[in-house]
Amino acid sequence: MPRIVRPTAYGLPEVLTVVETPTPHAAADGVVVEVRAAGVNPIDWKLYSGTFHAVEEDLKDAAGITAGMPSIGLECAGVVTEVGADVTGVRVGDEVIVYPVTAAYADYVTAPATSIFSKPASLGWAEAGSLMLAGTTAVHALHAAGVAAGDTVLVHGGSGGVGLMGVQLATAAGATVIATAAERNHALLRELGATPIVYGPGLADRVRAAAPQGVSAAVDFAGTEEALDVSLELVADRTRIASITGSPRRAAAGIKLLGYGPGQDAGAEIRSAARSELIDRAESGALRVVVATTFALAEAAKAHEVGIAGHAPGKLVLIP
Ligand SMILES: NC(=O)c1ccc[n+]([C@@H]2O[C@H](COP(=O)([O-])OP(=O)(O)OC[C@H]3O[C@@H](n4cnc5c(N)ncnc54)[C@H](OP(=O)(O)O)[C@@H]3O)[C@@H](O)[C@H]2O)c1
């Protein structure tokens, strides 16, 4: 019997349980995919930890939240096993990337055909299954902050899933990138074209030393009070600061809040349009998906414990 990982209650990762479930069938406009890799993202544990209880009712679908206990796993890659009657251009046996989707911590997922993209042969399963959520978020954040050639951009949390995408995409756009990260991740960030600096007390001075020309934009993927304060101190134009996470204090600061909560810009159009471009970049080797660790499906709780600790250098991925 196929397996699926579900939270059985709100709480810590120990609430995650592997249960058996019948093989799903495709809707007329959808497909069934046998999952080979499912990307792990902070939203997965935020969905059952209670973090999103404040999400407004009409935004719940966009955040992947359904009635009752949430389904987790919003991206994956795998092999098509069934194609709905109205779907064209997708065949059984195709290797695909699926995003967005719900309930991807499973052996099989159903997905609308609009979420299906051909997986480049050059991209490994783990990389393909964890490219999209972080990648589309980074594209949205850089767009919101108006990052372009000639900018010097401060990337808070440059070594995380979203950060590593943001660093590479900003560099590719021609920006000079200063990225915060723990020291052990500095070599990787240098390799990807950024100037790494450690976060923590004295951050603003270290950024000034690394970028004497000044910082024209900032994207906050860390969500700390320090990231907010340093961004406000160093970036003159507040509309060029974008944050994807952090305390409500950001709302009053006049910066751009991206995501699915009240007052945030979900960026549906730009994120949707970014998917093909991200795959093309990954296929050509211009964009690297850095996988930190893979876990078996039954180890989802362990993967979440590592994720919640907040220092994995890159993506965590479940391999059913
Ligand atoms: N709004 C949205 O649409 C959206 C989408 C995706 C993600 N998010 C949110 O964005 C955040 C990042 O997601 P992610 O997937 O990139 O997470 P992640 O892979 O866990 O990355 C966490 C990052 O935070 C850094 N970090 C940890 N402690 C820090 C500290 N005290 N000060 C500064 N940086 C620190 C880590 O650096 P080191 O490892 O080097 O210590 C790492 O770069 C999460 O809160 C997630 O929920 C929001």
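Ala-37 touches Cys-76, Ala-77, Trp-125, Ala-126, Gly-129, Val-317, Leu-318, Ile-319 and Pro-320, where residues up to four places away in sequence are not counted and contact means heavy atoms within 4.5 Å. This is a predicted model, in which local features need pLDDT of at least 70 and side-chain atom pairs count only at pLDDT 80 or more, while totals for chains, interfaces and linings use all residues. Residues are numbered from 1 along each chain as its sequence is written, and side-chain values use heavy atoms, with hydrogens and water left out.

Ala-37 lies in strand S3, residues 30-40, and His-140 has its place in helix H3; helices (H or I, at least four residues) and strands (E, at least two) are DSSP runs, numbered from the N terminus. The table gives the accessibility of these two residues, with buried meaning under 20% relative accessible area, exposed over 50% and partly exposed in between (1.4 Å probe, protein chains only).

| Residue | Relative accessible area | Class |
|---|---|---|
| Ala-37 | 0% | buried |
| His-140 | 1% | buried |

Once its neighbours within four places in sequence are left aside, His-140 is in contact with Leu-258, Asp-265, Ala-266, Gly-267, Ile-270 and Arg-271.

Arg-271 is also among the buried residues of helix H8, together with Ala-274, Arg-275, Leu-278, Ile-279 and Ala-282. These buried residues are covered by elements including strand S5 (95-98), strand S7 (116-118), helix H3 (132-144) and helix H4 (161-172). Helix H8 has 17 residues, 268-284, and its first and last C-alpha atoms are 25 Å apart, close to the expected 24 Å, a span defined as 1.5 Å times one less than the number of residues. Just after H8 comes Gly-285, with a positive phi of about 90°.

Trp-125, one of the contacts of Ala-37, has the charged end of Lys-119 over its ring, 4.7 Å from the ring centre; such a placement requires NZ of Lys or CZ of Arg within 6 Å of the ring centre and within 35 degrees of the ring normal.

As for the whole protein chain, its secondary structure comes to nine helices and 15 strands. Of its 320 residues, 51% count as buried, and residues 24 or more positions apart account for 65% of the contacts with a separation of 6 or more.
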